[in-house]
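Reader: I am new to this structure and would like to learn how to read its features. Where do we begin?

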Amino acid sequence: MRIADLVGRRVAIWGFGREGRAAITAIRAQLPALPLALYCSEAEVDAARAFDPALTVHGIEPDAVALSACDVVVKSPGISIYKPAVTTAQAQGTVFTSGTALWFGGHPDARVVAVTGTKGKSTTTALLAHLARSLDVRTALAGNIGLPLLELDGQSADLWAIELSSFQTGEAGPLELAVVTSLYEEHLDWHGSRERYVADKLRLGDRARTLLVNGQQANLLALTTAHADRRLFGEPDGWHVADGFIRRGKREVFPVAQLGVPGLHNALNASAALAALELLGYDALAAAPALATFRPLPHRLQPLGRRDGLDWINDSIATTPPAVVAALESLPGREISVLVGGYDRGVDWAPFVTHVQAHPPRAIVCMGANGPRIEAALVAGNVACPVSRVADLAAAVEAGRAATPAGGVVLMSPGAPSFDQFKDYAERGRRFATLAGFEADATGIDGLGIR
C-alpha cells in the first residue's frame, strides 16, 4: 500500500510515538486534505493536537468497534497485530498497515538491504552503512535503529541499509537482500508464542531475492533451507572470524583487536556486514579497514569510562539471556559484577545459568520484575558467585559498586526489556550512566539518515 492509496478512505493513526508522528507528517505532505484520526494515550492528547490541529484525537486505546469503523489503520510497531481488537477489526474488513509498509509501497525501486535478528541487527546495519559510505556510496541508515523510514520519505540514496524488528519484518516490500544475524527466543508477549515469533522474524526472507544468514546457528540454517538463494556468513569458506582475525576464506582481512566494538559476536556482526556488502557487488576487501573507525552504538556494550576505580559498561540493549552471555564473553579475564533483570517476558534463563555455572562472574545482581525468577534459577543452579536481589536499577548500581573490586567492571546487561521501570532501553541506559556518575549521552546513534 502507498500513501496515495489512502485517498477517499477513513484513516486512523494508532500511536503517537516517533513512528506515528512520521506517518502523520508524510501523509499530510502528500494528502493535506485527508481527514485523519489519531488514537493515543490520554497523556499525549494535548501534544498531538498541538502537533497537528487538524487531527481528530482520541486519548484512548481503540477497541474492535472503533477500529472496524476505519478503512485503514496505520499502527505503530509496538502494537501487536495479534491483539483481539485488531484481529476482530481485520475480519470486518479494516486494513492494518504501518509507516514501514507505506514507505516500501512508495519506493519500489529503492535498493534495499534489510537486517533483522534477535541480536546484532542494529550493529550490523550500522556497520554496513559505515562500510558502504567508506566506499563513497550514498547510503541511508534508517528503520528500527532509530529513524522511521517515513522521516526520509521523498529522499534518495544509492543504498538503503534498513533495520527491521520482528514487529516489522512482515511489512517489508520486495528487496534485494535480507540479512538474519541470529535467532533466539524474544518478544513472546507481542507474538504470542515462540513459533509465531520465529515465523514472523523469517518473513523477511520471503521478501528478499537473496537471504544471508548466520551459518553458525543450526536452527536458523534448518529453518531457511527452502530459500532459493540463501548465502551464509560465519562459515570457513566465506566471511567469518577465526584466530583473532575477520577472514574471507583463508585470507586474514582485519584484526579483531582493532575492531571499534568489543566482543567476538561483534566481529561476527562485522563479517555479516562485509558479506552483505560483497553480495551487493561492492568491494568488501577495500571497505574492511573502515571497521577501525566504527563507533559503538549507544547502550550496546558501551564503555562509559572509569569511576571509583571501576569500569562501567552500558549494555541496556541486551534484552535476552543469550545477549548477556555474549556480553560476559566479550570481557574475558575481567572481574565483573553483572546487573540483570527487568520486565518479565517469560523467556527461559537456562542459557545464562548454564554459562555462569561454568564461568562465574564476580557477582550477579538481580533486579526488576523478573529479578526473583532469575535469582531462583541461579540459586537452584548452585552458581559459584554471590547472587543478590534488589528492587530497582538504583539499588542494583549500588550493589554492583559494592561487590566489585578495584579495576573490575560493573556491567549492566539486563537480559530483559525495560518496561517494568522505564519507557525503553535507551532511557534505562541513560539512567544507568547517571547513577554511575557519568553524563548521560543523549546524542543517539551516529550516522542516521542519508550520507
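Author: With aromatic rings: those of Phe, Tyr and Trp, with the six-membered ring taken for Trp, pair if their centres lie within 6.5 Å. Planes over 60 degrees apart count as edge-to-face, under 30 as stacked, and the rest as tilted. The model here is predicted.

Reader: How many aromatic pairs does the structure hold?

Author: It holds six aromatic pairs. In one of them, the ring centres of Trp103 and Phe104 are 5.2 Å apart and the planes stand at 90 degrees, so this pair is edge-to-face. Both Trp103 and Phe104 are buried. Ring pairs also link Trp103, Phe104 and Trp160 into a cluster.

Reader: Which pair links distant parts of the chain?

Author: Trp312 and Phe432 form a tilted pair, with 5.9 Å from centre to centre and 55 degrees between the planes. Trp312 belongs to strand S16 and Phe432 to helix H17, 120 residues apart. Trp312 and Phe432 are each buried.

Reader: Which ring does Arg196 lie over?

Author: A charge is placed over a ring by its distance from the ring centre and its angle to the ring normal. Arg196 lies over the face of Tyr82, 3.7 Å from the ring centre. The charged end of Arg21 sits over the ring of Phe16, at 5.7 Å from its centre.

Reader: How many disulfides are there?

Author: A disulfide needs two cysteine sulfur atoms within 2.5 Å. The count comes to zero. For Cys40, the nearest cysteine sulfur is that of Cys70, 14 Å away. For Cys366, the nearest is that of Cys385, 9.2 Å away.

Notes: Residues numbered from 1 in each chain as written. Predicted model: local features only at pLDDT ≥ 70, side-chain atom pairs only at ≥ 80, totals over all residues. Heavy atoms only, no water. Buried < 20%, exposed > 50% of the residue type's maximum accessible area, 1.4 Å probe, protein only. Helix = DSSP H or I, 4+ residues; strand = E, 2+ residues; numbered from the N terminus. Lys NZ or Arg CZ within 6 Å of the ring centre and 35° of its normal.
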